[in-house]
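Hi,

Here is the structure I promised to pass on. Have a look at it first, and then read my notes below.

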Amino acid sequence: MAQNNSDLLVELCTTEQDVIDSFLCANEAFGTQTQDGIWMHMNPGWDTPEGKTRAAQGFVKRWAGIENDNKGNPNTVFLKATLPDPARPGERVLVGSAIWVQASAVEGHGDPQAPRSAQDLQELYPEDEAAQRYAGQLDRSLHSRRVQLIKEIATTSQPAVMVLDMCAVDPAYQRRGIAKQLVQWGLDEAVRRGGLEAITEASSMGRGVYQKLGFQPQEHIVYDVDPEFADRKRPSNLFMRTRGP
């Protein structure tokens, strides 16, 4: 039975299970549906029970370690979108998820957006130097423009931006305006936090929604990887921002 948008709730993830369900939702969209080469490499075993559990716990670890800025706002926000569950009267099912990050190169104004550490990469791919190297190159390339931007604004009166770090909708619930509401929540929060600019590295699937909500295309992400990885499949990502340079 079809459900309308009035049934949809966009709220903060407040439990570990919320965060695990958020990962599983994103895994369906970026793994099963689009076969996103970055998602699959950064979440080894994404299509196995063991890999899903391991990657979901990575989400939980990130959620549990959220820090606040100097005004008490959480630097990272895990969002969930839910609808009434037709199979369980009175219960709700998670149908979309997003991660918003307040990013800044200035202490107290947001997360600094440091690249994955050598230890993180080693834990991701134990004893596999090539896979670790490729993961590090993907991470640095994908986020290079956001890192550059927060350095550029570090000396301004507003040295932070709101980053749409991830937005995913369960394939079974797409084209119902769910992504729009997850994104709008973050844009409204950016206004509440003093009118911060919003930025994202948009997938080909999401950029149309983002543009309708005010994001402006800037440049395509260029992946700087070693020649041995050149033939590997990678998605098209577009750096977008709500204000021009």
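**The sheet and what packs on it**

In this predicted model, 7 strands form an open sheet with mixed pairing, in the order β1-β2-β3-β4-β5-β7-β6. The edges belong to β1 (9–12) and β6 (216–220); each has a single partner strand, so one side of each has no neighbour in the sheet. From one strand to the next, the twist averages 25 degrees.

**The cores**

The largest nonpolar core has 40 residues, and the ones touching the most other members are Trp39, Phe59, Val161, Met166 and Tyr223. Two or more residues each come from α1 (16–33), α2 (37–42), α3, β3, α4 (118–124), α5 (129–142), α6 (144–152) and β4. Helix α1 gives the largest share, with 6 residues.

So much for the elements; what does valine 161 contact, leaving aside its neighbours within four places in sequence? Its contacts are Val101, Gln102, Ala103, Leu149, Ile150, Ile153, Leu196, Glu197 and Ile199.

There's also a second, separate core of 28 residues, with Leu83, Ala98, Cys167 and Ile178 among them.

Cheers

Terms used: Residues numbered from 1 in each chain as written. Predicted model: local features only at pLDDT ≥ 70, side-chain atom pairs only at ≥ 80, totals over all residues. Heavy atoms only, no water. Pairing = 2+ DSSP bridges. Helix = DSSP H or I, 4+ residues; strand = E, 2+ residues; numbered from the N terminus. Axes fitted to C-alpha atoms, helices over the stretch in contact; angles between N-to-C directions. Core = buried A, V, L, I, M, F, W, Y, C linked by side-chain atoms within 4.5 Å. Buried < 20%, exposed > 50% of the residue type's maximum accessible area, 1.4 Å probe, protein only. Contact = heavy atoms within 4.5 Å.
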